[in-house]
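Dear colleague,

I am passing on the structure below, together with some notes on what came out of going through it. Please read the notes with the coordinates open beside you.

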Amino acid sequence: KISIVKDSRYIHLDINARKNLELTSSSSTNQKKGSLLWLLDRTKTAMGGRMIRSFIEQPLTDEIVINERLDGVEELSGDLILRENLIDSMKGFSDIERKCGKISAGTITPKECIALADTISKLPEIKRLLLSCKSKILHEAGERITLLTDIEKVLKDAISVDAPANLKDGGYILSSYNEELEKLRNAG
């Protein structure tokens, strides 16, 4: 038997409501410009852009969760130093979600691995800043951050910062990372 399952955490908006409300695209141009997303999106990372889009496309129904989000927004908008420190910490931040997808598909490049290591190195500062927050949602976000220092170490120890853009170009694994590799390179 087929049945409709509704997630009561979100307001269900059909395609016509989404179009008429111009949530993510203008109804006249079908472009982002002129939409609610265009008005509100001041995110600095691709991951933040996807998150705000999902917030707009899936409005919450739970008043408690809505107020927790608003408390987080209020704290960030009212604390210029915290906000600027978070923005500075995320400069050059790689799209971790996309990189994880490329890792699982086996299509990540050496340059992307270096970018991932650089992003991971920024996580302790971001975690520290979020843990200093008073709002529940921001503090809990800080608690959920896993530092991934072991992955950062492997990437930095194994891959040359001058790595080529493509795997097929080779030479991206540092000789010092593996004793046998170093012997083979020195033998040739």
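Helix H4 gives the most to the lining of the largest pocket, contributing 9 residues. Please keep in mind that this is a predicted model.

The largest pocket holds about 2,000 Å³ of space, and 39 residues line it, with Gly48, Met51, Phe55, Leu76 and Leu138 lying nearest its centre. Besides H4 (63-78), the elements that give two or more residues to this lining are H2 (36-40), H3 (46-57), H5 (80-89), H6 (96-105), H8 and H9. By class, the lining divides into 26 nonpolar, 5 polar and 8 charged residues.

Two of these elements, H8 (residues 123-131) and H9 (residues 136-144), also pack against each other, their axes coming within 7 Å and crossing at roughly 145 degrees, and the crossing is left-handed. The contact of H8 with H9 has 4 nonpolar, 2 polar and 2 charged residues.

Finally, two backbone points may interest you. Glu22, in the loop between H1 (15-21) and H2, has a positive phi of about 50 degrees although it is not a glycine, and Leu148, in the loop between H9 and H10 (149-158), is likewise a non-glycine residue with a positive phi, of about 60 degrees. Glu22 counts as partly exposed because its relative accessibility is 23%, and Leu148 counts as partly exposed at 30%.

Best regards

Notes. Residues numbered from 1 in each chain as written. Predicted model: local features only at pLDDT ≥ 70, side-chain atom pairs only at ≥ 80, totals over all residues. Heavy atoms only, no water. Axes fitted to C-alpha atoms, helices over the stretch in contact; angles between N-to-C directions. Helix = DSSP H or I, 4+ residues; strand = E, 2+ residues; numbered from the N terminus. Left-handed = near helix turned anticlockwise from the far one by under 90°. Nonpolar A, V, L, I, M, F, W, Y, C, P; charged D, E, K, R; others polar. 1 Å grid on protein atoms, 1.4 Å probe; cavity = no way out; pocket = protein on both sides within 12 Å on 5 of 7 lines; lining within 4 Å. Points joined across faces, edges and corners; volume = space filled by probe spheres on them. Buried < 20%, exposed > 50% of the residue type's maximum accessible area, 1.4 Å probe, protein only.
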